[in-house]
Amino acid sequence: MSKKIKDLIKKKNKSKIVCLTAYSKKIASILDNHCDIVLVGDSLGSVLYSYKSTKEVTLETMINHSKSVRLGVKKSIMIVDMPYNTYRNPREALKNVKLVMKKTKCDGVKLEGGKKIIPVIKSLTKNKIPVMGHVGILPQTDKKFSFKGKKKKEINKILNDTKLLETAGAFSIVLECVETKLSKQITKNINIPTIGIGSSSNCDGQVLVIDDLIGMSDSKFKFVKKYVDTSKIINSAVKKYKNEVKNKLFPKAKHSFANLKY
Ligand code: KIV
């Protein structure tokens with residue numbers, strides 16, 4: 001396990017872990033100054049491509065965006081989501097994860113699921129590949145997106161899944177839309193950090209989709225907090241540009257290539 005990952009695990013019970021998604025270099029380089037983990041999430045399918053589900057995201061798309069993100073991430077841990085149907089068995093997973101690691105130089109991968117994918121996780125960690133787990137709502141396979149951890153059976157399943165993921169060697173686990181009390185119980189029950197999204201402050205860290213945070217998405221989820229309305233800022237800048245072009249105020253002489261000094 002790399003020093004970066006070991007240091008992250010040590011943050012449990014000491015310092016909250018900060019994680020955000022990124023899909024390209026410039027944003028990634030900004031996040032790199034503030035985040036412990038930069039995640040190339042397959043949420044890019046809905047955020048950038050308007051896919052109905054993350055099922056449509058391909059390995060090639062994840063690799064291309066991750067290569068761009070890699071150019072911006074120097075200090076943080078960079079994790080790449082393995083897309084749907086790329087880790088159905090240990091052999092397929094190892095082949096695809098090795099390709100992702102080789103092409104993107106990421107620090108690790110994230111896989112959705114619990115008990116069912118334990119043989120896959122074991123095979124990856126045996127091959128020294130850092131793996132982040134993901135339980136609660138599983139966007140790749142869930143038919144209905146509903147809050148997790150209300151029913152007894154569901155609670156026991158998630159508790160069991162998170163323990164199994166820890167034992168299989170995962171270095172942390174994302175809890176997506178997991179009920180508040182259950183998040184607390186899981187976080188107490190395992191020795192690796194939990195990273196929550198819509199799962200309360202009981203987790204060891206938090207993750208959000210960057211486009212939601214900066215107001216570049218149409219997300220209506222309550223657990224999302226818009227810290228800045230970038231759409232508004234861009235709209236006003238473009239409006240200004242349009243006015244200046246129409247009124248011949250842009251470009252000035254200094255903006256002409258012939259007058260630029262390099
Ligand atoms: O794909 C993604 O962005 C994610 C986070 C929301 C955890 O999995």
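**Helix packing around H5**

H5 crosses H6 in a right-handed manner (right-handed if the near helix is turned clockwise from the far one by less than a right angle, left-handed if anticlockwise). The model is predicted, and local features need pLDDT of at least 70, side-chain atom pairs count only at pLDDT 80 or more, while totals for chains, interfaces and linings use all residues. Residues are numbered from 1 along each chain as its sequence is written, and side-chain values use heavy atoms, with hydrogens and water left out.

Select helix H6, residues 118–126, together with H5: their axes come within 9 Å and cross at roughly 45 degrees. H5 is therefore oblique to H6 (under 35 degrees counts as roughly parallel, over 145 as roughly antiparallel, 65 to 115 as roughly perpendicular and the rest as oblique).

Next, display the side chains at this contact (heavy atoms within 4.5 Å). Pro90, Ala93, Leu94 and Val97 of H5 meet Pro119, Val120, Ser123 and Leu124 of H6. Seven of these residues are nonpolar, one is polar and none is charged (Ala, Val, Leu, Ile, Met, Phe, Trp, Tyr, Cys and Pro count as nonpolar, Asp, Glu, Lys and Arg as charged, and the others, Gly among them, as polar).

Now select H4, residues 59–72, with H5, residues 90–104: they pack at an angle of about 30 degrees, their axes 9 Å apart. H4 and H5 are therefore roughly parallel to each other, and H4 passes H5 in a right-handed crossing. Leu59, Ile63, Ser66, Lys67 and Arg70 of H4 make the contact with Asn96, Leu99, Val100, Lys103 and Thr104 of H5. Colouring by class shows four nonpolar, three polar and three charged residues in the contact of H4 with H5.

Notes
Axes fitted to C-alpha atoms, helices over the stretch in contact; angles between N-to-C directions. Helix = DSSP H or I, 4+ residues; strand = E, 2+ residues; numbered from the N terminus.
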